[in-house]
Amino acid sequence: MYAARATAIPSSIRAAVAIGAALLVAFIVLPLAALVAHLPPQRVAAALATPGALAALRLSGLTTACSLALTLVLGTPLAYVLARGRFPGRAVVDAIVDLPIVVPPAVAGLALLFVFGRAGWFGPLLGAVHVQIAFTTAAVVLAQLFVGAPFYVRAARAGFAAVDRSVEEASATLGMGPLRTFARITVPLAVPALAGGAVLAWARGLGEFGATIMVAGNLPGVTQTLPLAVYLGLEQGDVDLASALALVLVIVALIVVALVRVLERRAA
Amino acid sequence: MIELAIRRRLRSFTLDVAARFPAGVTVVAGPSGAGKTTLLRAIAGLDPPDTGRIVLDGEVLDDGRRHVPAFRREIAYVFQEYALFPHLDVAANVGYGLAARGVAPARRTALIADWLERLGIAPLAAARPGALSGGERQRVALARALAWSPRAVLLDEPFSALDDATRGGVRDAVRATLAGLDVPVLLVTHDEEDVAEFAAPVLRLAEGKENGAVHRVSVRTAP
């Protein structure tokens, strides 16, 4: 049926579609190829061995690990409630969770500043206990959490919704309480979806730039994550540093895309 | 002994059942959509009735004020599509209720082996449910429901997911297994052949009217 319709399309249109598709794919591949080809491996290694590069790598590793942990701890119960709960305002909560995906990161950073900054809503409270969040490593984590968590909650919500309810009920009739049923049945069955969402959320946090620079600044070793170091490298004329770190991020992105594909296939 | 008098509003009628189920098998019969599954789910604690009481061996499970959750009722439920745990092997499925009760591993292993043997599925112990035939899944579901000595057993259309060729043999096996139980066993079916084959007391959910509204009420018949 589909094949018959496909052959019915005039060859001129098919050629135009093929050219358009090839242009877009080339447009995506070419810049990445140029980036990969820009530096010989020895200069990549040399650039990555500098203290500035190592500090950015370490900081990005640390902060994304923290923001991922927070995403899992806070996002998992929320995703389950959104998938299974029946309560007024569920659709509103559902939409709110998706908001950070479409809010511009710089706007998110400014908004976070208005809450956690010295003059922000929590400013007096944080000041009273001598805790500073804005322009510290903690602010980097908050920015990553804000932009990344929705990707996890969306995927986890879909994963939980796909778990057969009667399997959870069977667990209950066999004597397992709600928490043990969740841990032994629901989570294991949703694991591919949860892992896929976690990978996406982590990757989004790793690439986070706009919100971070607004709420955390660009202090080497404290708030200067990989994307910020790429930006500053270019700004200060250290193109080797910028492109070597960019290469690291591209390789991570390739791994993430492959991993998500594998996990999506297992979730289906 | 299960004693109940419950009422629950459904989309097109009100289910209104008052019945006592002593130890042994009772067949609950009636056409599709008669409220049979609703009755079982109420007894299991999965969907509480709107009003009424459910009492098991003198213990109140539901009476409007009190609602004992499903996981504390110790009532086994065999789901129509079995609802086996797809990520656990057959032995872990059968041992699940024992694990829930903290039965020691050695005793658990022995009980699992015993039930696998009884239902003729011992060679399947390490298989995942996805690799089993319909008849095999049925046996796993039954073993999982019975291995932990529940206080009552509910079976929802246990043969409807089977093809005609396997149904007869499975029915004989299930009947033989259930005959040995000393607790109330409710077997729900829409199939008159099941009713005839089990030769057990039958509770029929039949249509009645009350104040102009359609009610399904229970009518008990002797075997």
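Trainee: Okay. What is the mean pLDDT of chain A?

Mentor: This is a predicted model. The mean pLDDT of chain A is 93. In chain A, 97% of the residues reach 70 or more.

Trainee: Which element of chain A has the lowest mean pLDDT?

Mentor: Helix α1 of chain A, residues 2–8, with a mean of 60. The highest among the elements of chain A is helix α9, residues 165–173, at 97.

Trainee: New topic. What does helix α10 of chain A span between its end C-alpha atoms?

Mentor: Only 34 Å, for residues 178–206. A straight helix of 29 residues would span 42 Å.

Trainee: And where does α10(A) bend?

Mentor: At A:V191, by about 65°. A proline, A:P192, follows within four residues.

Trainee: What about α4 and α8 of chain A? At what angle do their axes cross?

Mentor: Roughly 35°. The axes of α4(A), residues 51–84, and α8(A), residues 137–161, come within 7 Å. The crossing of α4(A) with α8(A) is right-handed. Their contact has 16 nonpolar, 9 polar and 2 charged residues.

Trainee: Now the two chains. How many residues does the contact take from each?

Mentor: Chain B gives 17 residues and chain A gives 14.

Trainee: Which elements of chain B give two or more residues to that side?

Mentor: β6 (75–78) and α3 (96–100) of chain B. The side of chain B that touches chain A divides into 12 nonpolar, 2 polar and 3 charged residues.

Note on methods. Residues are numbered from 1 along each chain as its sequence is written. Chains are lettered from A and ligands numbered from 1 in the order in which they are written. This is a predicted model: local features need pLDDT of at least 70, side-chain atom pairs count only at pLDDT 80 or more; totals for chains, interfaces and linings use all residues. Two residues are in contact if their C-beta atoms, placed from the backbone, lie within 7 Å. Ala, Val, Leu, Ile, Met, Phe, Trp, Tyr, Cys and Pro count as nonpolar, Asp, Glu, Lys and Arg as charged, and the others, Gly among them, as polar. The expected span of a helix is 1.5 Å times one less than its number of residues. The bend at a residue is the angle between axes fitted to the seven residues ending there and the seven starting there. pLDDT is the predictor's confidence in each residue, from 0 to 100. Axes are lines fitted to C-alpha atoms, for helices over the stretch in contact, and angles run from 0 to 180 degrees between N-to-C directions. A crossing is left-handed if the near helix is turned anticlockwise from the far one by less than a right angle, and right-handed if clockwise.
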